[in-house]
Amino acid sequence: MSGFHADLDKCAPRPSPPGGKGFISGGMVTPLDGWGSKTMNGAESLVHTLIAGGIDTVFANPGTSEMHFVAALDRIPGINCVLCLDEGVVAGAADAYWRITGKPAATLLHCGPGLANALANLHNARRGRAGIVNIVGDQATYHRPLDAPLTADTEGWARPVSGFLRTATQACLVGADAAEAITAAKAGMIATLILPADTAWDEGGVVGTPRAAAARGAVDHNVIERAATVLRSGEPTVLLLGGSTLREHPLAIAGGIAAVTGARLRAEMSNARIERGAGRVEIERVPYFIDAALPALAGAKHIILVEAVPPVGFFAYPGKPGRLWPEDCTLHVLARAEQDGPAALASLAQLLAAEPATAPNRKRPDPAQGPVTPQGFAQSLAALMPERTIIVDESISFGRGLFPITAQGPAHDWLALTGGAIGDGIPMAVGAAVGAPDRRVIALQADGSAMYTIAGLWTAARSALNIVFVVLANRKYAILLHELAGVGANPGRTALDMLDLGRPDLDFVKIAEGMGVPAAAATSLDAFNTLLHASINQPGPSLIELRIG
Ligand SMILES: Cc1ncc(C[n+]2csc(CCOP(=O)(O)OP(=O)(O)O)c2C)c(N)n1
Ligand SMILES: [Mg+2]
């Protein structure tokens, strides 16, 4: 969906811009006489429409062109405004807010460049199919032709990440435009609404009426029958799950199907949220590293995709395949991303007479002691994380082996990087904590990735968010050292220097304290356990710099 609103006859004529007659304004120069409602400006109609659409949170980094929107947020109660000091934080926070609440948040970004700063995390959000009402203030319509410094191709920059894209043209249409954007966001799209300053400050605003989220498309019965036939064949089959099928209930249903048919379960490598831990059916992801990913799907004759896309390697590697499924394996789509995967699984289970699986009783481990290892770290997490913890995982190389042991912890959610663009962990922790203030967020944060959007710590302090940031400080881009070998490159001094974060070492304790987040360092699991326990039991954010080598 894209383009300008066609419904112009609802509006009174556009007021004359300053400069009067003869000023260029998209061909329209009309006097103020006859202008419509004076009760509300475009920005106010936008805020009222957001509230009508159930939007209660705005992650914001404003500028001059958004001042009327900011003023309207001030005048009209009902929206929690969270200031973020970098647009990457805005976008990552809005993404995780969606993942945790199932509701879109709005953003507030400043002109093309503000949007551009947000793009990497909007890319991640799009890959995870998040719904966001992405509001970008921009130059007034009649100022745009003057090509002032902040003028940019805002639509052009927004297009690749946006499922819906609209530039408001008149104050009286902003409400209707916003209503459409909200409806699109509720369907799991990034809905970008570009708001030229005059469409915000002009009078004549009309509140729009967002529609309720449309029900997700049902899967055709023949498709379900075919999947049942595949599963009954007894040939080696993998059920590859993504999207909403990684929640507790559909996972139990998929576990039941696996139990009666012998199929294996796998989660997509890049997925937005898995419900796991005590009482949940355990599922492994398709591994990141190509040499682990290929064996994970080896031998499969069929892969049934449920809200998942065909599994491919993260990158190409010389002499290795890009597709992860074997040559003699057939892919079957049970449910596409926008369809109702859980309902399709339930119908499939019925055909196969499969009962939902019950998760085995896993014993919760004690915290591990001694030197820091990934296994010991995972064990301490499983031992100490509270019930309903939200784990935000940007742990990169240290985190590859954390999954099996943390499954022994209490029921929790796991939010992973969905689009491979690092710098999403701290922002996602912010958004998850804003969305679920009654829960504890533990952010597993690799050090190099932390530095992209480190400003998110300030928002965590300002908004007193219940987050423990665990910075995994190996002082390297460790994964890239591995990748260097993987692509067959022969590193020299310059190459190795570009993967090293030392000289000077980053002091995350001081960085955090400088932004109002209490922090301490640990070099052993014993010290980590003590700090984690204390952090979990105090409200607000804290940071543990865990030195891992
Ligand atoms: C936006 C973006 N920029 C750069 C990269 C390339 N990249 C992938 S991993 C990585 C370094 C990660 O280092 P760190 O966060 O310290 O994790 P570690 O490998 O040390 O565990 C970089 C630069 C990327 N994936 N995304
Ligand atoms: Mg590192």
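These legends describe close-up views of a predicted model.

**View 1. The shell around ligand 1.** Around ligand 1 there are 17 residues. Those that come nearest are Ser 397, Asp 447, Gly 448, Ser 449 and Ile 479. By class, the shell divides into nine nonpolar, six polar and two charged residues.

**View 2. Helices at the ligand.** Two helices, α15 (447-450) and α17 (478-486), each supply at least two residues of the shell around ligand 1. Asp 447, Gly 448 and Ser 449, in the 447-450 stretch of α15, are among the residues that come nearest to the ligand.

**View 3. Backbone contacts of ligand 1.** An oxygen atom of ligand 1 lies 2.7 Å from a polar backbone atom of Ile 479. For Gly 448, a polar backbone atom is 2.8 Å from an oxygen atom of the ligand. At Ala 478, the distance from a polar backbone atom to a ligand oxygen is 2.9 Å. The protein covers 78% of the 590 Å² of accessible area that ligand 1 has on its own.

**View 4. The pocket that holds ligand 1.** Ligand 1 sits in the second largest pocket.

**View 5. The largest cavity.** The count of cavities of 30 Å³ or more comes to one. The largest cavity holds about 50 Å³ of space. Its lining consists of Arg 127, Gly 128, Arg 129, Gly 243, Glu 268, Ser 270, Asn 271 and Ala 272. These lining residues divide into one nonpolar, four polar and three charged.

Conventions
Residues are numbered from 1 along each chain as its sequence is written. Chains are lettered from A and ligands numbered from 1 in the order in which they are written. This is a predicted model: local features need pLDDT of at least 70, side-chain atom pairs count only at pLDDT 80 or more; totals for chains, interfaces and linings use all residues. Side-chain values use heavy atoms; hydrogens and water are left out. A residue is near a molecule or strand if one of its heavy atoms lies within 4 Å of it. A polar contact is a pair of N or O atoms within 3.5 Å; within protein, one must be able to donate a hydrogen and the other to accept it, and residues adjacent in sequence count only if both atoms are side-chain atoms. Accessible areas come from the Shrake-Rupley method with a 1.4 Å probe; for residues, only the protein chains shown count as cover. On a 1 Å grid over the protein atoms alone, a cavity is a set of points where a 1.4 Å probe fits but cannot get out, and a pocket is an open set with protein on both sides within 12 Å along at least five of seven lines; lining residues have an atom within 4 Å of a point. A molecule sits in a cavity or pocket if more than half of its atoms lie within 2 Å of its grid points. Helices (H or I, at least four residues) and strands (E, at least two) are DSSP runs, numbered from the N terminus. Ala, Val, Leu, Ile, Met, Phe, Trp, Tyr, Cys and Pro count as nonpolar, Asp, Glu, Lys and Arg as charged, and the others, Gly among them, as polar. Grid points are joined across faces, edges and corners, and a volume is the space filled by probe spheres set on the points.
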